[in-house]
Amino acid sequence: MQFEKDWGKKMKILTQLGIIFAVCLAGNVVSALLPFPFPASVAAMVILFLLLLTGAVKPARLGESSDFLLKNMAILFIPSGVGILEQYAFVREHILKLAAICLITTLLTFVVTAFTVLGVIRLQKRGKAVETDG
Amino acid sequence: MAEILSSPLCGIALCIFTFKIGLWVNRRLKTPLANPLLIAISLVILLIGLTPLSYEQFSAGGSVISMLLPPATAVLASSIYREIEVLKRNFLPIMAGCLAGSLTSMASAYFLCKWFGLDETLTASMLPKSVTTPIAMELSVAGGGIAAVTVAAVIFTGIIGACLSPILIKLFKIENPVAAGVAIGTASHAIGTSKAIELGEVQGAMSGIAIGVAGLLTVAWSLVLPF
């Protein structure tokens, strides 16, 4: 019994991985066909989102595999980050400027985003108030 | 010995164990400054510097780990889909916020790079740094940037967002949780979102949605903008 249960679970993970990799492959195809440069993995993300929206893929179908990838995603960036070793000589003299750019743009982005959201919410409320008044 | 070190298994095991150490330190210190990814990268760099392990040997396993990036990016779709009801309810404010925020991030990065006299390679590496790492890396490389610089900038941006967003919320009196959450996610992706989750459930959900939406919109902006 236990064996059958485990086996069923393993097959499920296999199906999940199959769907995810197939979607990635489709992303590569779409990215190659588009007339402008579009990241293949983002194309795969859009395809998967559409599949979920239309109900062609049930969220449960992605289950553990998708949770596993999302939860442990940060680990996948270690090799790219270690790549800074190769670039260090080139980056070293600019490091303070790059840090300053990160700080300033992050503050600006935060403030602009927050006030845009607040502005739209206020406009929507005013719109609703006019609707109910009229 | 050299044979063992140049086996891909060595790099794969290193990634997993250094990240585990990073997670452990992060849980102990409870500060966004002790970012697990940052700790793991530093540990691997230290090992390459201090032990016979070379960068090329590590990369044999590193490239296997990197191969999982596209599937991990694709499943971001399921994390947006999970919050679809929240997204529908606040569709316009979220879209407008992410649209304005990602434009601000890219435009300000572009003009600051020009102002500081940085070359095109570094500018291309800095443009997408506010969005989640897999998307930022792809955009950076497609624009002629260096993936490693982008990864470093993305992590640093996330840490800044996680540390400063509670202060910014107080300073600008952003009491609306939707506005606070979308701002955190748009400005500082997943690392900021970890802070947003601490601030509240609405903030966390909004920040999580903003990671995906701002990521997609940044791709859209990069197609439209002249830089």
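# A guided tour of chains A and B

Begin by colouring chain A by confidence: its lowest mean pLDDT (the predictor's confidence in each residue, from 0 to 100) is in helix α1 (residues 2-33) of chain A, at 84, and its highest is in helix α2 (residues 40-54) of chain A, at 92. Helices here are DSSP runs of H or I with at least four residues, strands are DSSP runs of E with at least two, and both are numbered from the N terminus. This is a predicted model, in which local features need pLDDT of at least 70 and side-chain atom pairs count only at pLDDT 80 or more, while totals for chains, interfaces and linings use all residues. Residues are numbered from 1 along each chain as its sequence is written, and chains are lettered from A and ligands numbered from 1 in the order in which they are written.

**Chain A as a whole**

Keep chain A selected: its mean pLDDT is 87, and 90% of its residues reach 70 or more. Chain A holds six helices and zero strands, so that a trace from the N terminus reads α-α-α-α-α-α. Of its 134 residues, 35% are buried, a residue being called buried if 20 or more other C-beta atoms lie within 10 Å of its own, exposed if 12 or fewer do, and partly exposed in between, with C-beta atoms placed from the backbone. Two residues are in contact if their C-beta atoms, placed from the backbone, lie within 7 Å; among contacts in chain A between residues at least 6 apart in sequence, 50% join residues at least 24 apart.

**Chain B as a whole**

Now select chain B, whose mean pLDDT is 92, with 100% of its residues at 70 or more. Confidence in chain B is lowest in helix α1 (residues 2-6) of chain B, at a mean of 84, and highest in helix α8 (residues 91-115) of chain B, at 97. Chain B has 13 helices and zero strands. Its radius of gyration, taken over C-alpha atoms, is 18 Å, close to the 17 Å that the globule rule gives for 227 residues, so chain B is as compact as a globular protein of that length; the rule is 2.2 Å times the number of residues to the power 0.38. Along the principal axes, the C-alpha atoms of chain B fill a box of roughly 60 × 40 × 30 Å. Buried residues account for 54% of the 227 residues in chain B, and of its contacts with a separation of 6 or more, 62% are between residues 24 or more positions apart.

**The two domains of chain B**

Colour residues 2-67 of chain B as domain 1 and residues 76-224 as domain 2, bounds that come from an automatic or database domain assignment. The C-alpha centres of these two domains of chain B lie 26 Å apart. Five residues of domain 1 of chain B are in contact with six residues of domain 2 of chain B, and the domain 1 side of that contact has four nonpolar, one polar and no charged residues. In this classification Ala, Val, Leu, Ile, Met, Phe, Trp, Tyr, Cys and Pro count as nonpolar, Asp, Glu, Lys and Arg as charged, and the others, Gly among them, as polar.

**Where the chains meet**

Show both chains together: the contact between them takes 84 residues from chain B and 61 residues from chain A. On the chain B side, these residues divide into 61 nonpolar, 21 polar and two charged. For the complex, the predictor gives an ipTM of 0.88 and a pTM of 0.84.

Move to I135(B), in helix α10 (residues 133-142) of chain B, which counts as buried because it has 26 C-beta neighbours inside 10 Å. Leaving out residues up to four places away in sequence, I135(B) touches P39(A), V42(A), T73(B), P128(B), G215(B), T218(B) and V219(B). The C-alpha atoms of I135(B) and V219(B) are separated by 7.9 Å, although the two residues are 84 apart along the chain.

Finally, select V154(B) in helix α11 of chain B, a buried residue with 31 other C-beta atoms within 10 Å. With residues up to four places away in sequence again set aside, V154(B) touches K129(B), T133(B) and A136(B).
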